[in-house]
Structure formats: structure tokens, C-alpha cells
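Please open the model in a viewer and keep the sequence panel at hand.

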Amino acid sequence: QDGIYVSTTNIALSNLIWGNQIRSNGRYGIYFYAWCTGGPRSVRVVSNIIDGRGRLSTTGVYIEGASRIVVTNNVLKKSDRGVGVTSGCTGLPTSNKIVGNLILSNRFFGVYTTSGSNHAVISNVVRGGQRTGLLIQGTTRSTFSNNRIVGNTNGIVLSGSTYSNRVIKNA
């Protein structure tokens, strides 16, 4: 189902996931799940290639309730969603960084945040075929800047309980 699955507080602190090639998984290329007792924190996802190869119901990197995850310099392509940040049973995710990724030809969203605060989505290239390049929903006090969003039905969509965000210098 998942290429790499990261969960629980005790074993998922300060890890590096680097240089992997993950292809054709049934759900998530890399999945961060925060159990109700806690979740992964301070994990870096760097220089991976995650290719959904057009499979349905897939996400390149999915952060559910986890905090302080850094996703940088990855290639994420041909899934339903490139990178997703959502709430989990431990509460809202905080301070996740999605920086400098190449996100190509995903079906629905390049990057989406549907909860949490203090995220940084900066200097990503989101290109081709997504219904929405960047979806900001239910997210507060976060920064979305210097992203290049090209060839999607909608470039950036803000919806739901979204407030006090900075959406700056995206093209």
C-alpha cells in the first residue's frame, strides 16, 4: 500500500528519508501518520523520486497530523495528489515545510493543506494537469510564496476556515 510508512512518537524523531525511488504504490509514496498518542516529528524527506504512475487514490507525500516534517528537493509525479497536509486524531499539524519540489502531472492537487498552522510552502514547481496547483483550506498563519504554478485548471485556491496566511510572489 505505502512506499514508506512513518508513525509513532518513539521511533520517528529526527529521521532522514533520502534518495529513494518509490513507484506505483496503492495509497501513499511516503505516509506520515500521527497516532492518537503522538506522531512523527522533525523528519526530513529529501531528494526522493515518487511516481504514482497514474494509479487512482494515491498521494506522493501525505502528512496526517504530524508536525515539523520537511519535504524538499523531491520529484512527485503522476498521483492523484502531490503533497498533502491534513489533521489527525492528535490534533492539527504544525510547522511543516514543503520547499523546492518538482510536482508534475498529478490528477487533483499539486500541494494541499487542509488544516494546521505555521506551514511553509515555498519555491515549488507545480506543473501540468492538476485540477488545482495549490489548495489552501482550513489553514492558518502559513506562508505560500515563490511557487511556480503552471498549466493547472486553478492555480491557487483558498477556501474554508483559512485566515492569516501569506500568499506572496507566486507565478
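Two strands are said to pair if DSSP finds at least two bridges between them; strands (E, at least two residues) are DSSP runs, numbered from the N terminus. This is a predicted model, in which local features need pLDDT of at least 70 and side-chain atom pairs count only at pLDDT 80 or more, while totals for chains, interfaces and linings use all residues. Residues are numbered from 1 along each chain as its sequence is written, and side-chain values use heavy atoms, with hydrogens and water left out.

**Stop 1: strand 10 and its partners**

Select strand 7 (59–64) and strand 10 (81–86). These two strands run parallel and are joined by 5 bridges, with Val61 having Val83 as its bridge partner in strand 10. Strand 10 is largely enclosed by the rest of the structure, because 6 of its 6 residues are buried (buried means under 20% relative accessible area, exposed over 50%, partly exposed in between, with a 1.4 Å probe and protein chains only).

**Stop 2**

Now select the strands of an open sheet of 7 strands, whose order is 2-5-8-11-14-17-20 with parallel pairing. Strand 2 (16–18) and strand 20 (166–168) stand at the edges; each has a single partner strand, so one side of each is left without a neighbour in the sheet. From one strand to the next the twist averages 5 degrees (axes are lines fitted to C-alpha atoms, and angles run from 0 to 180 degrees between N-to-C directions).

Within this sheet, centre the view on strand 8. Strand 5 and strand 8 run parallel with 5 bridges between them, and Val43 is partnered by Ile69 in strand 8. Strand 8 also pairs in the parallel sense with strand 11 (residues 97–99), over 3 bridges. Lys97 in strand 11 is the bridge partner of Val70, and Val99 in strand 11 stands opposite Thr72.

**Stop 3: the nonpolar core**

Which members of the largest nonpolar core touch the most other members? Select Ile30, Phe32, Val61, Ile63 and Ile69, from a core of 25 residues. A nonpolar core is a set of buried Ala, Val, Leu, Ile, Met, Phe, Trp, Tyr and Cys residues joined through side-chain atoms within 4.5 Å. Elements giving two or more residues to this core include strand 4 (28–33), strand 5 (41–46) and strand 16 (132–137). Another core, of 6 residues, lies apart from it, with Tyr28, Tyr31, Tyr33 and Tyr62 among them.

**Stop 4: Ile50**

Move to Ile50 in strand 6 (residues 49–51). At 3% relative accessibility, Ile50 counts as buried. Leaving aside neighbours within four places in sequence, Ile50 is in contact (heavy atoms within 4.5 Å) with residues including Ile22, Ile30, Val61, Val75 and Leu76.

**Stop 5: the cavity**

A search of the whole structure finds 1 cavity of 30 Å³ or more (a cavity is a set of points on a 1 Å grid over the protein atoms alone where a 1.4 Å probe fits but cannot get out, and lining residues have an atom within 4 Å of a point). The largest cavity has a volume of about 50 Å³, a volume being the space filled by probe spheres set on the points. Of its 14 lining residues, Asn25, Tyr28, Gly29, Gly52 and Ser79 lie nearest its centre. Strand 3 (21–23), strand 4, strand 6 and strand 7 each give two or more residues to the lining.

Methods: Helices (H or I, at least four residues) and strands (E, at least two) are DSSP runs, numbered from the N terminus. On a 1 Å grid over the protein atoms alone, a cavity is a set of points where a 1.4 Å probe fits but cannot get out, and a pocket is an open set with protein on both sides within 12 Å along at least five of seven lines; lining residues have an atom within 4 Å of a point.
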